Amino acid sequence: MGTGSREQEFGQPGAMGGPQGPRHRQQELPLRILVPTQFVGAIIGKEGLTIKNITKQTQSKVDIHRKENAGATEKSITIHSSNEGCSQACRMILEIMEKEANDTKIVEEVPLKILSHNNLVGRLIGKEGRNLKKIEQDTGTKITISSLQDLTIYNQERTITVRGGVEECCNAEVEIMKKLREAHENDVASLNQTNMMPGLNLSALGIFSSGMSAFPPAPGLRGSLSAPANYSPLLGPPSVLGGLYGVPPSGALSLQQATAEQEVVYLFIPTPAVGALIGKKGQHIKELAHYAGASIKIAAPDNPDDPERMVIITGPPEAQYKAQGRIYGKLKEDNFFTAKEEVKLGAHIKVPSSAAGRVIGKGGKTVNELQNLTSAEVIVPRDQTPDENDEVLVKIIGHFFASQAAQRKIREIVQQVKQQERKQQQTVPTPSQPSK
């Protein structure tokens, strides 16, 4: 679990529910908080007595990532327990920091700082910030969230800062984590409905985009490109899920990502959602493009009364996954779909006309299997006239994971066709030169 020289781990045997604890913990969303570095010693206590007391009283396991990011002014703490145990441990840590601050006069206030994967934050905020405003009003706190611009492919966490008294901050923590856990549970349920996407390098992603997933990155990844990728506070070692959810061990982009072919996807969103996607003075769409590493453009409408607008996304597979996922999540967060309604969007991709028949299959067998496998609706319109690049459209309709799985499967078929064509070209004998 990444212990040893990089972090300190304190916990009760059987925390999180007895011997099943570690396995159960993989499905739970832990509470992650940031604390000022100067208070870490007080939280641990002499010979670790204080932190041991916290873990014993709250039946929790607490990882203090003390030796990561040397010189940083703040350190992260991951708490694994029941919801109540996490809240109780958080309260005890806040009380220790409050007392230390009063005794030493080092700082005037000690806000509660909760770390959350970016994919969950939108649903915490709610449409026009309503969820967050309600928590502030109900708890008497002031809550701010770090900017999207602070995110990198190695750090997908945002900092939720809560200001108020200890009691008020603790009440806010309960409400904040309730929203985050609810979003996380929905994402895990969605993830379990589909297969992994072939050809998509999730290692380079390190995330699942909003509207689905939210596995937090390894704690050592905050601001450190050289941190080890063998630990995630939620999933544990990479062997848990095949090592798919960390970043490349070298801290550099994978070769697959760096050399990935640029893909173009035409995603169709409800026309009323265009303003929300663009944001004030284009801020949201700029941040989204930066975050995903993709080009994102909204096409002009063919007709002002069109119910949908086309969003053109250009980028490698990982960028497509992140950009499309964030758009799906934005539509859900801003209530363009009801709470019980699944976000289903149409996406068009272009394939070489020579590959269209392979996508359809004999008697429609391949496309039917594709639909059964991915739960997406896949349509290859017949009698299409290929465009200037000799390509035709394939239409995909479905929820995020279904659409992504279908896109990846179709692109896999296209790659197979291209490889076969290249082999055939290589084996065609060159005509012999006539003898003089």
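Predicted model: local features only at pLDDT ≥ 70, side-chain atom pairs only at ≥ 80, totals over all residues.
Let me start with lysine 330, which has its place in helix α12, where helices are DSSP runs of H or I with at least four residues, strands are runs of E with at least two, and both are numbered from the N terminus. This lysine 330 counts as buried because its relative accessibility is 16%, and buried here means under 20% relative accessible area, with exposed being over 50% and partly exposed in between, using a 1.4 Å probe and protein chains only. If we leave aside the neighbours within four places in sequence, lysine 330 is in contact with Ala276 and His284, contact meaning heavy atoms within 4.5 Å.

Residues are numbered from 1 along each chain as its sequence is written, and side-chain values use heavy atoms, with hydrogens and water left out.

Now to the chain as a whole, which has 15 helices and 13 strands. Of its 436 residues, 50% count as buried, and among contacts with a separation of 6 or more, 72% come from residues 24 or more positions apart.

Next, the helix pairs. Two packed helices are described by the angle between their axes and by the distance between those axes. The axes, which are lines fitted to C-alpha atoms over the stretch in contact, with angles running from 0 to 180 degrees between N-to-C directions, come within 10 Å for α12 (residues 317-333) and α15 (residues 400-427), and cross at roughly 155°. The two helices α12 and α15 are therefore roughly antiparallel to each other, given that angles over 145 degrees count as roughly antiparallel, under 35 as roughly parallel, 65 to 115 as roughly perpendicular and the rest as oblique. On the α12 side, the contact includes Pro317, Tyr321 and Tyr328, and on the α15 side it includes Phe400, Phe401 and Arg408.

What is the angle at which α13 and α15 cross? The axes of helix α13 (residues 353-360) and α15 cross at roughly 125° and come within 9 Å, which makes α13 oblique to α15. Here Ser354, Ala355, Arg358 and Val359 of α13 meet residues of α15 including Ile410, Ile413 and Glu421.
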